[in-house]
Structure formats: structure tokens, C-alpha cells
Amino acid sequence: MTTEPERLPFFVYGTLRPGRANYARCLRGRTAAEESALVRGVSLYEGPGYPYAVPGPAEAVVLGDLVTPREDVHDAVRAALDRLEGYVPGGPGNLYERVAWQAECADGRTVRAWVYVAAEPLAARLRASGTPIPGGDWLRSRAAGTAHRTAAPAARPAPPPR
């Protein structure tokens with residue numbers, strides 16, 4: 001894992017996925033390519049309206065999308081995503097860290113990509129007492145939760161989008 005500002009695609013797994021609110025805010029019209037992908041060795045945990053990816057265990061898988069910004073806006077997209085995620089390179093108060101990780105595409109290619117993962121000590125707290133997302137697919141988890149919440153008369157409202 002590295003944190004240098006290479007021009008890598010981004011592996012997104014939550015509100016930045018196509019069709020979600022932060023995709024519309026930060027990525028729509030700014031991408032050269034988008035495709036389904038996954039990362040291994042990362043677990044997904046529920047957050048307050050958005051998920052957290054946490055490194056480990058090796059057999060864990062997170063499903064998402066590989067998004068490649070257009071070359072002419074790559075630096076601006078990276079800066080916008082860093083702001084959205086509250087990430088400052090080397091910042092001691094980061095909730096997320098931007099790290100390079102291997103993403104696997106549907107056609108079998110592996111691509112080095114930026115992934116925002118929970119920073120320590122948040123990652124340690126999530127491992128110890130967080131709520132894992134079964135199957136590592138936040139969108140599927142949300143869809144299942146929405147169907148359940150709709151059927152329940154005393155359901156709590158969904159958290160605001162991040």
C-alpha cells in the first residue's frame with residue numbers, strides 16, 4: 001500500500017458508486033471509464049449512512065466499481081474525493097486513508113487503484129465491534145435494508161446521504 005498521488009483509477013464501494021448521490025456530485029461527467037470490480041483483503045462495515053472499508057482478513061471481498069477519471073480532470077477529481085472523504089495526506093485526524101490496492105475487474109484483469117479505507121484507530125474499533133456488511137456489497141445491503149424498513153411500520157428514517 002502506498003499513498004503517493006499517482007494517477008490511478010478509484011475503486012468506489014459506497015456513495016461514490018454510479019447512481020449514488022456523491023457520484024453525481026463528484027464524478028458524473030468526469031470519468032473516462034467505469035466498470036464493476038472487487039477488492040480482496042478488505043471487509044466492509046456499516047457507517048452512519050455510508051460504509052467503511054477496513055483492511056483484512058485476506059479472504060474478505062468488497063464489491064464496487066472501478067472509476068477512471070478523465071485525464072484532464074484527474075487531479076481535480078482526486079482533490080474533490082479527498083475533500084469528500086476528509087482525507088489529508090499524512091493528516092493525524094483522517095477517518096479515511098487513500099491507499100493503492102489491487103482491484104479485480106469482471107474480465108479478470110487486476111488494476112492498481114486508489115481505495116479509501118478506514119484509518120486507525122477507527123479500523124480497530126470497527127473490527128472489534130462494528131457491523132460487517134455481508135458479502136461486501138453496500139448497495140445490495142442497502143436495498144435489502146430498504147425493503148425491510150419499508151415493510152416495518154416503526155422503521156427509523158434512513159440517514160442522510162454522505
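**View 1. Lining of the largest cavity.** Nine nonpolar, three polar and two charged residues make up the lining of the largest cavity. Ala, Val, Leu, Ile, Met, Phe, Trp, Tyr, Cys and Pro count as nonpolar, Asp, Glu, Lys and Arg as charged, and the others, Gly among them, as polar. The model is predicted: local features need pLDDT of at least 70, side-chain atom pairs count only at pLDDT 80 or more, and totals for chains, interfaces and linings use all residues. Residues are numbered from 1 along each chain as its sequence is written, and side-chain values use heavy atoms, without hydrogens and water. The lining has 14 residues; Tyr13, Gly14, Thr15, Leu16 and Glu85 lie nearest the cavity centre. The largest cavity holds about 110 Å³ of space. The structure has one cavity of 30 Å³ or more. Here a cavity is a set of points, on a 1 Å grid over the protein atoms alone, where a 1.4 Å probe fits but cannot get out; lining residues have an atom within 4 Å of a point. Grid points are joined across faces, edges and corners, and a volume is the space filled by probe spheres set on the points.

**View 2. The whole protein.** Four helices and seven strands are present. Helices (H or I, at least four residues) and strands (E, at least two) are DSSP runs, numbered from the N terminus. Their order from the N terminus is β-α-β-β-β-β-α-β-β-α-α. Of 162 residues, 44% are buried, meaning under 20% relative accessible area with a 1.4 Å probe, protein chains only. Of the contacts between residues at least 6 apart in sequence, 69% join residues at least 24 apart. A contact means heavy atoms within 4.5 Å.

**View 3. Strand S2 and its partners.** S2 (residues 31–40) runs antiparallel to S5 (residues 61–69), with nine bridges between them. Strands pair if DSSP finds at least two bridges between them. Valine 39 faces valine 62 of S5. S2 also pairs with S6 (residues 96–105), antiparallel, over three bridges. On that side, leucine 38 stands opposite glutamate 104 of S6.

**View 4. The S6–S7 hairpin.** Four residues separate S6 and S7 in this hairpin. Glycine 108, in the turn, has a positive phi of about 95 degrees. The two strands are antiparallel and joined by nine bridges. Alanine 103 has valine 111 in S7 as its bridge partner. Seven of the nine residues of S7 are buried, so this strand is largely enclosed by the rest of the structure.

**View 5. Helix H2 and its packing.** H2 spans residues 74–84, and its buried residues are His74, Val77, Arg78, Ala80, Leu81 and Asp82. These pack against S1 (10–12), H1 (21–26), S5, S6 and S7 (110–118). Just after the helix, glycine 86 adopts a positive phi of about 65 degrees.

**View 6. Two cis peptide bonds.** The bond from glycine 56 to proline 57 is cis, with omega near -10 degrees. Proline 57 sits in the loop between S4 (52–55) and S5. Glutamate 120 to proline 121 is also cis, with omega near 5 degrees. Proline 121 lies in the loop between S7 and H3 (122–129).

Technical notes. Buried < 20%, exposed > 50% of the residue type's maximum accessible area, 1.4 Å probe, protein only. 1 Å grid on protein atoms, 1.4 Å probe; cavity = no way out; pocket = protein on both sides within 12 Å on 5 of 7 lines; lining within 4 Å.
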